[in-house]
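Subject: Structure for your review

Dear colleague,

Please find below the structure that I am handing over to you. I would ask you to look at it first and then to read the notes that follow.

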Amino acid sequence: MSNPQQPRLTPLPEWEEEAEAMLDGVEYDTDLGVRMARDAIRVSNGELTDAEFHEKYHEQVMEEFGKDERPTKPEGFDDD
Amino acid sequence: MTNYGLVIDQERCIGCHACAISCKQENNVPMGQFWNRVLTEGGDKMDTPSGGYPTDGGNGSLDMQYQPTACQHCENAPCVKVCPVNATYTRDDGIVEIDYEKCIGCRYCMAACPYNARVFNWDEPEHMPEEGTGDVPARPQGVVEKCTFCSHRVDEGLDPACVVNCPADARIFGDLDDEASTVSKYINQYETHQLLEDRGTKPKTYYISGEMSPGRPQTSDKLESELDDVQVWSDGTDDVPADSGSGGSAGSSTGGIHSVDDDAVGDAVPHVPAVDAGGDD
């Protein structure tokens with residue numbers, strides 16, 4: 001992914017294909033990465049709140065990484 | 001509070017890649033990777049235009065423009081939200097940075113970045129010369145890297161290397177929250193746009209197109225606060241006056257956050273009229 005001529009600013013419909021390519025070969029869950037990346041952009045867009053985003057993926061992140069240190073954690077969120 | 005941002009004048013950018021190379025040099029970026037890129041808008045490959053030559057005395061459709069890109073240091077950065085170990089974080093001054101000690105190489109941040117601003121160390125980083133370059137230690141294999149706005153330089157009151165080494169004076173760096181800063185004045189004066197504004201990421205890199213901003217003389221390594229009395233332009237044009245300061249020529253590597261006076265910006269004569277900025281002929 002380090003080709004300096006790679007056109008970025010990719011139209012959204014083509015983005016998921018690129019995201020999957022980036023995550024190809026990663027030892028972590030590719031599908032989780034794509035879904036979280038998609039929703040992280042939705043959070044930036046204001047379509048999803050930080051809290052909703054955090055809660056939606058907390059269990060899967062804990063399962064995959066053994067910890068969840070995302071800054072989206074809402075105040076008072078129960079980690080257990 | 002300080003909130004750093006960058007303005008890139010696309011009418012001034014000549015596509016020389018000095019920003020990309022100086023970034024590699026300053027930040028010890030491994031071979032095969034770029035934190036800072038100059039994309040070509042036009043043809044399929046670097047420095048190739050779209051369209052064709054004029055034929056039969058008519059107007060041709062040749063068109064080529066440059067799109068410099070790097071980390072946009074988004075205020076609302078998806079990469080920060082998605083990092084499971086908080087390795088990607090936003091500094092108090094707005095610079096988005098990566099803690100390479102924490103990064104586990106999951107690359108979720110790469111997938112979440114709409115600007116493709118991040119690179120991953122697939123292999124053992126290779127440097128030329130082997131001992132590396134610049135003032136930043138090499139990153140270990142297996143981490144994600146990206147532009148830091150040269151935070152190590154910014155911490156010492158200097159501009160990023162790409163800004164200092166741009167021979168076309170197309171880059172301006174400074175505090176977006178300071179209305180008197182040069183970046184703020186340019187953003188207020190010119191019509192700017194941000195990349196992928198519809199994504200809501202609030203990038204802190206602004207692009208000027210359609211009207212060329214005036215050139216700024218390099219002004220040595222003085223801090224912005226020391227430049228309050230510096231007169232950058234004397235005649236209201238975008239020509240750099242002969243007695244404009246110690247740095248003088250473009251391409252100086254002396255750094256310094258630049259100052260600009262309001263009148264000079266307001267009276268500047270654009271080299272490229274907005275209507276004809278596309279270069280279609």
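In this predicted model, chain B and chain A bury about 3200 Å² between them, and carbon and sulfur atoms give 60% of that area. On the side of chain B, the residues that lose the most area to chain A are Lys81(B), Tyr108(B) and Arg199(B), which together make up 23% of what that side buries. The contact draws on 40 residues of chain B and 41 residues of chain A.

The side chain of Lys81(B) meets that of Asp50(A) in a salt bridge, with 3.4 Å from N to O. Strand E2 (37-41), helix H2 (78-82) and helix H3 (108-112) of chain B each give two or more residues to the side that touches chain A. By class, that side of chain B holds 24 nonpolar, 10 polar and 6 charged residues.

Regarding confidence, the model scores ipTM 0.88 and pTM 0.79. Chain B has a mean pLDDT of 79, with 75% of its residues at 70 or more. Within chain B, confidence is highest in strand E4 (residues 88-90), at 98, and lowest in helix H7 (residues 262-266), at a mean of 41. Over residues 232-281 of chain B, pLDDT stays under 50. Where pLDDT is low, predicted coordinates should not be read in detail.

Yours sincerely

Methods
Residues are numbered from 1 along each chain as its sequence is written. Chains are lettered from A and ligands numbered from 1 in the order in which they are written. This is a predicted model: local features need pLDDT of at least 70, side-chain atom pairs count only at pLDDT 80 or more; totals for chains, interfaces and linings use all residues. Side-chain values use heavy atoms; hydrogens and water are left out. Contact means heavy atoms within 4.5 Å. Buried area is the accessible area (1.4 Å probe) that two parts lose on being put together, summed over both. A salt bridge is a side-chain nitrogen of Lys or Arg within 4 Å of a carboxyl oxygen of Asp or Glu. Helices (H or I, at least four residues) and strands (E, at least two) are DSSP runs, numbered from the N terminus. Ala, Val, Leu, Ile, Met, Phe, Trp, Tyr, Cys and Pro count as nonpolar, Asp, Glu, Lys and Arg as charged, and the others, Gly among them, as polar. pLDDT is the predictor's confidence in each residue, from 0 to 100.
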